[in-house]
Amino acid sequence: MARPRIHDISLRNQMLDEAARITATEGVDGLSARRLCTAVNTSTTAVYTLFGGMDGIRFALYRRAAESFHADFSKIEYDPDRPLKYMDEAMFMYRNWALANPNLYSILFGGALKLDHSLPETQGGIPVADMKFSADLAKPSMDAVRRAIELGHLPIPENKVSTFLISSWACMHGLVSMEISAETSGTQSGLVMLSDVDYGEKLYADAIRSLTRGLIHTYQLEANGTAPSHSTKVLDDYLESPESLAPGQARKSDKKE
């Protein structure tokens, strides 16, 4: 008779790896204690011994994804005198981390776990500690944008910071999601006329930088009724300088899943 597996850190990590794969590819509805434990050759008691139940696995997956994301972003040096450089590096790091860790990306940014931010932990919501950690993830980007505004590098109104970040993230998330889909399923887009598009680093950078210019002009028009031609001069000067990252120069991310 085979000896039962020891409920140790090695088994815990293996269970999280498999749970991340199932959740990212089939959604959280495809994740059950029996299926998970069968896949890693252990008994269902491991779920309760190591995680306290299935909610514990979902929380652990979310925490693993957030910690992995934070570990990569913490490598980016923030210089308060060069906020555009931080924003540029963060843009590339986001994509590189997502491509290196598509399952964790789906969990952290794709809503695969179906965790409800509005509910308390006891009712399936995200634990308070993890909610705070998630808020902390966005702080460096918020600080960089506000510093760029303060220095005159990013001429947008202070009350547009959140809108600017959401718009930028939507563009990043959309392009990254299509790129992950292309790698995992071989389908780059559901639109036939776009099937030959190369969802690579250059398209990603060009799209986000173009969006940034467009948002600056839009906010200027809303605030002043006009958008001076020089409103993106500092940004354009940075993008033409040696400091600006070109496709292929960004720091790569390690696979963590």
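Hi everyone. Buried residues account for 43% of the 257 residues in this protein. Before we go on, please keep in mind that what you see on screen is a predicted model.

Let's begin with the overall layout. The protein has ten helices and zero strands, so reading along the sequence gives the pattern α-α-α-α-α-α-α-α-α-α. Of the contacts between residues at least 6 apart in sequence, 68% join residues at least 24 apart. As for the surface, the protein exposes about 13400 Å², and 55% of that comes from carbon and sulfur atoms.

Now to the inside. Which residues have the most contacts inside the largest nonpolar core? They are Met-15, Ile-57, Leu-61, Phe-73, Tyr-94 and Tyr-204, in a core of 51 residues. The helix that gives the most to this core is α4, residues 54–73, with ten residues. Apart from this core lies another one, of 14 residues, and Ala-148, Leu-154, Phe-164 and Leu-215 are among them. I'll come back to Phe-164 in a few minutes.

Let's stay with α4 for a moment. Its 20 residues should span 28 Å at 1.5 Å a residue, and the end C-alpha atoms are 29 Å apart, which agrees. In α4, 15 of the 20 residues are buried, so this helix is largely enclosed by the rest of the structure. Is Arg-58 buried or exposed? Arg-58 is buried, because its relative accessible area is 19% and the cut-off for buried is under 20%. Not counting residues up to four places away in sequence, Arg-58 touches Val-28 and Leu-113.

Next, a pair of helices. In general, two packed helices are described by the angle between their axes and the distance between the axes. For helix α5, residues 83–100, and helix α6, residues 102–109, the angle is about 115° and the axes are 5 Å apart. On the α5 side, the contact is made by Tyr-94, Trp-97, Ala-98, Leu-99 and Ala-100. On the α6 side, the residues are Pro-102, Leu-104, Tyr-105, Leu-108 and Phe-109.

Looking at the two partners one by one, α5 has 18 residues and reaches 26 Å from its first C-alpha to its last, close to the 26 Å expected at 1.5 Å a residue. α5 is also mostly covered, with 17 of its 18 residues buried. For α6, six of the eight residues are buried, so this helix too is largely enclosed by the rest of the structure. The buried ones in α6 are Asn-103, Leu-104, Tyr-105, Ser-106, Ile-107 and Leu-108. Just after α6 comes Gly-111, with a positive phi of about 70°.

Tyr-94 ties two of these topics together: this residue is in the contact of α5 with α6, and Tyr-94 is also on the list of residues with the most contacts inside the largest core. Leaving aside neighbours within four places in sequence, Tyr-94 is in contact with Phe-69, Phe-73, Tyr-105, Phe-109, Trp-169, Met-172, His-173, Val-176 and Tyr-204.

Back to Phe-164, as promised. Phe-164 lies in helix α8, residues 161–185, and counts as buried at 2% relative accessibility. Beyond its neighbours within four places in sequence, Phe-164 is in contact with Met-87, Val-145, Leu-154, Ile-156, Thr-212, Leu-215 and Tyr-219. With neighbours within four places left aside, the contacts of Met-142 are Val-161, Ser-162 and Leu-165.

Asn-41 is in the loop between α2, residues 33–39, and α3, residues 45–51. Its phi is near 60°, a positive value in a residue other than glycine. Asn-41 counts as exposed, at 60% relative accessibility. Ser-32 is in the loop between α1, residues 9–26, and α2, and is partly exposed with a relative accessible area of 32%. The C-alpha atoms of Ser-32 and Thr-44 are separated by 9.6 Å, and these residues are twelve apart along the chain.

Notes:
Residues numbered from 1 in each chain as written. Predicted model: local features only at pLDDT ≥ 70, side-chain atom pairs only at ≥ 80, totals over all residues. Heavy atoms only, no water. Axes fitted to C-alpha atoms, helices over the stretch in contact; angles between N-to-C directions. Helix = DSSP H or I, 4+ residues; strand = E, 2+ residues; numbered from the N terminus. Contact = heavy atoms within 4.5 Å. Expected span 1.5 Å × (residues − 1). Buried < 20%, exposed > 50% of the residue type's maximum accessible area, 1.4 Å probe, protein only. Areas by Shrake-Rupley, 256 points an atom, 1.4 Å probe, with all protein chains shown as cover. Core = buried A, V, L, I, M, F, W, Y, C linked by side-chain atoms within 4.5 Å.
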